[in-house]
Amino acid sequence: MQRVGSVVSLLVLGLAWILHVISVLPEPLVLTQENFDLSGFMGMWYEVAVVSSCPHYMQRKNGNPVIVAVELKHGPSERNFTMTATTYRNGTCKQTSTAYSLTDTPGRFFHHVARFGADVDSFVVHTNYDEYAMMLLLSTEKPSGNKTTTVKLYSRTLNVTAAGLDNFKTLVRQHGMSDNTIIMNQNKGECVPGQQVTKPQILVSMKSKKDVSPPVVPA
């Protein structure tokens, strides 16, 4: 009887140990750029393509598929850096800054989005530093626990290389999304914070005004 009790105790202790190990395992397991160089990753990038499992994000992005200029700079601490994003939104050029914290995994960063109560894990999956970079963003909203997967393609110039785009499509498919849903951002010109988008005016002389057909409004 004593032996049976000892076996039961060992099983209980073993189960408790397994549960403890599972609870402390790092999640998620994502491979980042090998020998990641943070200093080489700093500087100016352009977000040229994006896809996400969040329908609200995709709807909002489809309504304004514009290239986002992002500048990465080292922060006051060695454990963080800032990303300053500049883009056109609602007809005005706006600029926002986000503080990213480094983790113990090179190429993996963390930040919190207060607006949505979301914790975001960002991974530099692959980059050659001089041309393009692919980032995987895994966010979890609180307290709902909703999870979102977003993949972004960055380029050092406004035009991404063919190799960078092909690698990006492969990464998108690996995370269960179709490359047909990828949003290619458009270049709307230089963006100066506070500047409004000016629409070109079409001038019609009074002499030819009567000959101009009325505009056709699509259904």
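This is a predicted model: local features need pLDDT of at least 70, side-chain atom pairs count only at pLDDT 80 or more; totals for chains, interfaces and linings use all residues.
User: Good. So is aspartate 119 buried or exposed?

Analyst: Aspartate 119 counts as buried, because its relative accessibility is 18% and the cut-off is under 20%.

User: Where does aspartate 119 lie?

Analyst: You'll find aspartate 119 in strand 6, which covers residues 118-127.

User: Which side chains does the side chain of aspartate 119 make polar contacts with?

Analyst: One is the side chain of histidine 112, at 2.7 Å. Another is the side chain of lysine 142, with a polar contact of 2.7 Å.

User: And which residues is aspartate 119 in contact with, leaving aside neighbours within four places in sequence?

Analyst: With those neighbours set aside, the list for aspartate 119 is Phe110, His111, His112, Leu138, Ser139, Thr140 and Lys142.

User: Thanks! Switching to glycine 164: where is it found, and is it buried or exposed?

Analyst: Glycine 164 sits in helix 4, residues 162-174. Its relative accessible area is 0%, so glycine 164 is buried.

User: What is glycine 164 in contact with, again leaving aside neighbours within four places in sequence?

Analyst: Tyr132, Met134 and Leu153 are the contacts of glycine 164 once those neighbours are left out.

User: How many residues apart in sequence are glycine 164 and glutamate 131, and what about in space?

Analyst: They are 33 residues apart along the sequence, while their C-alpha atoms are 7.9 Å apart in space.

User: What lines the largest pocket?

Analyst: Its lining is made of 37 residues, and those nearest the centre are Tyr57, Arg60, Arg89, Phe116 and Lys152. By class, the lining of the largest pocket has 17 nonpolar, 13 polar and seven charged residues.

User: And what is the volume of the second largest pocket?

Analyst: About 240 Å³. The second largest pocket is lined by 14 residues, with Tyr46, Ala69, Gly189, Glu190 and Cys191 nearest its centre. Eight of the lining residues are nonpolar, four polar and two charged.

User: Which strand gives the most to the lining of the second largest pocket?

Analyst: That would be strand 3, with three residues. Strand 2 (68-74) and strand 3 (80-89) each supply at least two residues of that lining.

Technical notes: Residues are numbered from 1 along each chain as its sequence is written. Side-chain values use heavy atoms; hydrogens and water are left out. Helices (H or I, at least four residues) and strands (E, at least two) are DSSP runs, numbered from the N terminus. Buried means under 20% relative accessible area, exposed over 50%, partly exposed in between (1.4 Å probe, protein chains only). A polar contact is a pair of N or O atoms within 3.5 Å; within protein, one must be able to donate a hydrogen and the other to accept it, and residues adjacent in sequence count only if both atoms are side-chain atoms. Contact means heavy atoms within 4.5 Å. On a 1 Å grid over the protein atoms alone, a cavity is a set of points where a 1.4 Å probe fits but cannot get out, and a pocket is an open set with protein on both sides within 12 Å along at least five of seven lines; lining residues have an atom within 4 Å of a point. Ala, Val, Leu, Ile, Met, Phe, Trp, Tyr, Cys and Pro count as nonpolar, Asp, Glu, Lys and Arg as charged, and the others, Gly among them, as polar. Grid points are joined across faces, edges and corners, and a volume is the space filled by probe spheres set on the points.
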